[in-house]
Amino acid sequence: MGNTRRRRLDQKLPFHQRLLGGFQNSFGSPLANEARLSSKKDNGMSDLEAFINVLKCGFGTGCLAMPYAFLNSGWLVGLICTFSLGFFVLYAMHILLHHINNLGVQHNMPMISYRKAVELSIRKGPSMFHYLSKPFGYLVDVLLCVYHFGVDCVYVVFIAKSLKHLGDMYLWVWDERLYMALIASPLILTFLIRDLKSLVPFAIISNFLLITGYFIILNYLFRDLPEFEHLHAIQPLRNFPIFFGTVLFSIESVGVILSLGRSMRNPKNLMGTGGVLNQGMIVVISFYAIFGFFGYWRYGENTSNSILQNMPQNDFFPKFATGMFALAIFFSYALQGYVTVDIIWRNYLEPELEDRYLQTVEFLLRIALVIASVLVAIQYPDFSLLLSFVGSFCLAQLGLILPGIVDICLRYEEDYGPGRIFLIRSMLFICMGFAGGVAGTVVTLQTLYARYPVVRR
């Protein structure tokens, strides 16, 4: 009875709070206090610490695919759309955060999750749609699970391609799928670690390796730039969905951003024109635009889906950077996968199981998720297409469509503003997310199936 009660209490705490709380506790940061449902703000994050967290959640493997995204869009369209789409998503994030904060105050729930916010919002909308509150709540869980599972699939592909790149030079020429099968066991071992605090050293190592790797890449990007006239300013429209999904995958981090305001000493400093969120995301979006632009300028039509593949083959530092990125992503794999495990386990499996089966079933779930991610990567070993699919399918909904729906529902009993301006704004979010998400999902799925058919003739 005691264990069951404790599990029920744990379920009330959103996973990203426990995740960040575990990490920050290791550094003496007070996000851990938030994870224990403490209401004290005296030891909360400073604005600088929150700014650093915004930067950290914005940089990852998606950046390595930005030059390839510019290849698909053209340098002019790429620059314009990276900034416009980035700021559009940022605007939607502001609206979502505003409504979540208000819902928390109205319902006296200082720790409201994305799923709960969507459910409460739909219940405040038109009565004919109230029955959809639970299904939409489940949809949020599904999208978060698919997103983080998809990120792990991207990680498997990236690690395997990096190992193959180094193995072909120093060991044997093996198929990249063999490397995927070989790394399954090490990934399972890290994924079986149930205590997130035990993964903190891995997170520190991963961050250090990523920063060092990016410095090495930037050093090569600015060397010996070719003639600019040979670059395409605009590419065919049929290639744009790949760009759309890649940019969304790279800059969207709604799960982490939602937690920052509740963990700051001065939560009001997160929002606003000169707030921490805007400052951090402007830096992130600008870096992605610059990185993609110069990566495309440097390698032109030969730009690979990961910029690491364009680095000079005979130089030491590119090889070193490839190894560092592979290690960094390996150490990040379990952290991404914990989100999927947490949602499936705590919300759906754990409450239905007897105590004697809990540990066994949880271990089986973790092993199954790793094996599934490896199998998906083996079937579709394309870094950029998987990345674009995850961005188009999941993040278009989490970052654009659902914030628009939340805004429409919560303003239903109020006023949509002069000329229904707020309704038009929300419909614009939904339409852009739907159009870009559907186009990106369809194009990437068609391309994946064409390149890697399930049934080969």
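Q: How is the lining of the largest cavity divided by class into nonpolar, polar and charged residues?
A: In this predicted model, the lining of the largest cavity has 4 nonpolar, 3 polar and 1 charged residues. The lining consists of Phe149, Asp152, Phe191, Tyr333, Gly337, Thr340, Leu369 and Ser373; Phe, Tyr and Leu count as nonpolar and Asp as charged, whereas Gly is placed among the polar residues.

Q: Which elements give two or more residues to the lining of the largest cavity?
A: They are helix 8, helix 14 (316-349) and helix 15 (358-379), and the largest share, 3 residues, comes from helix 14. About 50 Å³ of space lies in this cavity, and the count of cavities of 30 Å³ or more comes to 3.

Q: Why is the contact between Glu119 and Arg115 called a salt bridge?
A: The closest N and O atoms of Glu119 and Arg115 are 3.1 Å apart, and the cut-off for a side-chain nitrogen of Arg and a carboxyl oxygen of Glu is 4 Å, so the pair qualifies as a salt bridge. Both residues lie in helix 7 (residues 114-123), 4 residues apart, which is about one turn of the helix, and both are buried.

Q: What makes Glu119 and Lys134 a salt bridge?
A: Their closest N and O atoms are 3.9 Å apart, and the cut-off is 4 Å, so this pair also counts as a salt bridge. The pair links distant parts of the chain, with Glu119 in helix 7 and Lys134 in helix 8 (residues 133-170), 15 residues apart. Arg115, Glu119, Arg123, Lys134 and Asp141 are linked in a network of salt bridges.

Q: How do you know whether Glu119 and Lys134 are buried or partly exposed?
A: Glu119 has a relative accessible area of 2%, which is under the 20% limit, and therefore it is buried. Lys134, with a relative accessible area of 37%, falls between 20% and 50% and is therefore partly exposed.

Q: Why does the salt bridge of Lys161 and Glu176 tie together parts that are apart in sequence?
A: The side chains of Lys161 and Glu176 meet at 3.0 Å, N to O. Lys161 lies in helix 8 and Glu176 in helix 9 (residues 176-191), so the pair ties together parts that are 15 residues apart in sequence. Lys161 is buried, and so is Glu176.

Q: Why does Cys153 count as buried, and how is Cys431 classed by its relative accessible area?
A: Cys153, at 3% relative accessibility, is under 20% and so counts as buried, whereas Cys431, at 44%, lies between 20% and 50% and is therefore partly exposed. The structure holds 0 disulfides.

Key: Residues are numbered from 1 along each chain as its sequence is written. This is a predicted model: local features need pLDDT of at least 70, side-chain atom pairs count only at pLDDT 80 or more; totals for chains, interfaces and linings use all residues. Side-chain values use heavy atoms; hydrogens and water are left out. Buried means under 20% relative accessible area, exposed over 50%, partly exposed in between (1.4 Å probe, protein chains only). A disulfide is a pair of cysteine sulfur atoms within 2.5 Å. On a 1 Å grid over the protein atoms alone, a cavity is a set of points where a 1.4 Å probe fits but cannot get out, and a pocket is an open set with protein on both sides within 12 Å along at least five of seven lines; lining residues have an atom within 4 Å of a point. Grid points are joined across faces, edges and corners, and a volume is the space filled by probe spheres set on the points.
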